[in-house]
Amino acid sequence: EALAVWVNHYNYHRPHTSCGDAPPASLAPARVNNVMPSYTNSDVAWKGLPVGIISHSVGRMGGYSSQKNLRLALSYFDMPTVGQPEVFLSQSPELFAEGDTIVRESTVTFLQNYVDRFVRVIEGRSRS
């Protein structure tokens, strides 16, 4: 219940600098909604599955707030994540050439390290 309240606040009321200090939902087409179905912990198909989280932003924070909130929400479902490194790609348009090619080798190396660590999380965790 608390998550549903937070998601509503985060998307419909909280100003985001990346959205010109407007809530994200104010920029979405009218047909988009954020209806969050009500689940119990045992109903969730992805309970206990490892999850990788990489966020990006056109600004300097790299999606920090949204990633932290997502990690908190997923912890309720006992979904293991890679603790370190956390991946916040800031100023993401500058990281890619032609939309899908990473410009800096250091970014490629960093992301590969994250993927390698995530694979270890997957290999070390059996689904309960």
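Ser 92 touches His 56, Ser 57 and Val 58 when residues up to four places away in sequence are not counted, and a contact here means heavy atoms within 4.5 Å. Ser 92 is found in the loop between strand S2 (87-89) and strand S3 (96-97), where helices (H or I, at least four residues) and strands (E, at least two) are DSSP runs numbered from the N terminus. Ser 92 and Arg 60 are 32 residues apart in sequence, yet their C-alpha atoms are 9.0 Å apart in space.

This is a predicted model, in which local features need pLDDT of at least 70 and side-chain atom pairs count only at pLDDT 80 or more, while totals for chains, interfaces and linings use all residues. Residues are numbered from 1 along each chain as its sequence is written, and side-chain values use heavy atoms, with hydrogens and water left out.

The chain has three helices and four strands, and along the sequence they follow the pattern α-β-α-β-β-β-α. Among contacts between residues at least 6 apart in sequence, 59% join residues at least 24 apart.

| Residue | Relative accessible area | Class |
|---|---|---|
| Ser 92 | 6% | buried |
| Phe 88 | 24% | partly exposed |
| Tyr 64 | 36% | partly exposed |

Of the 128 residues of the chain, 25% count as buried.

The largest nonpolar core has seven residues, namely Val 82, Val 87, Leu 89, Leu 95, Leu 111, Tyr 114 and Phe 118; such a core is a set of buried Ala, Val, Leu, Ile, Met, Phe, Trp, Tyr and Cys residues joined through side-chain atoms within 4.5 Å. S2 and helix H3 (105-123) are the elements that give two or more residues to this core, and H3 gives the most, with three residues. Leaving aside neighbours within four places in sequence, Tyr 114 is in contact with Gly 52, Ile 53, Ile 54, Val 82, Pro 85 and Val 87. A second, separate core of five residues includes Val 51, Ile 53, Phe 77 and Met 79.

Rings of Phe, Tyr and Trp (its six-membered ring) pair if their centres lie within 6.5 Å, and planes under 30 degrees apart count as stacked, over 60 as edge-to-face and the rest as tilted. By this rule the count comes to one aromatic pair: Tyr 64 and Phe 88 are tilted, at 5.4 Å centre to centre and 50° between the planes. The pair links distant parts of the chain, with Tyr 64 in helix H2 (residues 64-75) and Phe 88 in strand S2, 24 residues apart.

How values were computed:
Buried means under 20% relative accessible area, exposed over 50%, partly exposed in between (1.4 Å probe, protein chains only).
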